[in-house]
Amino acid sequence: MENQKTKEQFIQLRAQGVSYSNISKKIGKSKQTLIDWGKELEEEIRNLKAIELEAIYEKYFLLKEARLQSFGIITQRIKEEIESRDFSDIPTEKLLDIFLKYNSTIKEETPEPHFKTSLQLEEDKLHRHLIEDLTSLTEPQNQFLKIG
């Protein structure tokens, strides 16, 4: 039970980016044990990082929303200005360039975190262990896997 709580604390600290040295001092486990846990619990750490990233996105959502709204207003104003011009004696190249840059910025603005279910985490872990087992087979054992 204590070991499980310690592992949960380890997952939390690694997801926050804390170094193995600092975790070792905090929870009293050797760095090698922590490195082993890091490999064993890789998916759980990655998933918790994604959850924490989502919380950061949520926390700053209004700031991001305000930026997008501002980009939208400016884009609309540029578009209206371009539409009102007759293009005969007014240089529009710069205005068109700005319009395209704003559109590009809007498209790049929203990356999405990737989450996995507990079942997907377990399946990934199983697949990783199977691959490790298969790649660690010795040469005589490998010969039985060859076809032909």
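The side chains of Glu44 and Lys125 form a salt bridge, with N and O 3.2 Å apart. Glu44 belongs to helix 4 and Lys125 to helix 7, so this pair ties together parts that are 81 residues apart in sequence. Lys125 is buried, at a relative accessible area of 14%. Keep in mind as you read on that this is a predicted model.

**Salt bridges**

How many salt bridges are there by this rule? The count comes to seven. One of them joins the side chains of Glu43 and Arg128, at 2.5 Å from N to O. Here too helix 4 meets helix 7 (residues 118-135): Glu43 lies in the former and Arg128 in the latter, so the pair links parts that are 85 residues apart in sequence. Are the two partners buried or exposed? Glu43 is buried, with a relative accessible area of 6%, and Arg128 counts as buried as well, at 16% relative accessibility. Glu43 and Arg128 are also linked with Glu132 in a network of salt bridges.

Another pair sits within a single helix. Asp97 forms a salt bridge with Lys101, and their closest N and O atoms are 3.2 Å apart. Both are in helix 6 (residues 93-108), and because they are four residues apart they are separated by about one helical turn. An α-helix has 3.6 residues a turn, so residues three or four places apart point the same way. Asp97 is partly exposed, with a relative accessible area of 36%.

| Salt bridge | N to O distance |
|---|---|
| Glu43 and Arg128 | 2.5 Å |
| Glu44 and Lys125 | 3.2 Å |
| Asp97 and Lys101 | 3.2 Å |

**Helix 4 and its surroundings**

Helix 4 covers residues 42-59, which makes 18 residues. From its first C-alpha to its last it reaches 26 Å, close to the 26 Å expected at 1.5 Å a residue. Its buried residues include Glu43, Ile45, Asn47, Leu48 and Ala50.

Tyr60 counts as partly exposed, at 39% relative accessibility. Together with Leu53 and Ile56, Tyr60 makes a nonpolar surface patch of about 260 Å².

**The nonpolar core**

Which residues make up the largest nonpolar core? It has 11 residues in all: Phe10, Ile11, Leu13, Ala15, Ile23, Ile27, Leu34, Trp37, Leu41, Ile45 and Leu48. Helix 1 (2-15), helix 2 (20-27), helix 3 (31-40) and helix 4 are the elements that give two or more residues to this core. Helix 1 gives the most, with four residues. In soluble globular proteins, nonpolar side chains tend to be buried together.

Leu13 is one of the core residues. Setting aside neighbours within four places in sequence, Leu13 is in contact with Val18, Ile23, Lys26 and Ile27.

**The protein as a whole**

Stepping back, the protein has eight helices and zero strands. Buried residues account for 21% of its 148 residues. Among contacts between residues at least 6 apart in sequence, 61% join residues at least 24 apart. The protein exposes about 11,500 Å², and carbon and sulfur atoms supply 56% of that area.

Notes. Residues numbered from 1 in each chain as written. Predicted model: local features only at pLDDT ≥ 70, side-chain atom pairs only at ≥ 80, totals over all residues. Heavy atoms only, no water. Expected span 1.5 Å × (residues − 1). Buried < 20%, exposed > 50% of the residue type's maximum accessible area, 1.4 Å probe, protein only. Salt bridge = Lys/Arg side-chain N within 4 Å of Asp/Glu carboxyl O. Patch = residues over 30% accessible without salt bridge, like charges linked within 9 Å, V, L, I, M, F, W, Y side chains within 5 Å. Areas by Shrake-Rupley, 256 points an atom, 1.4 Å probe, with all protein chains shown as cover. Core = buried A, V, L, I, M, F, W, Y, C linked by side-chain atoms within 4.5 Å. Contact = heavy atoms within 4.5 Å.
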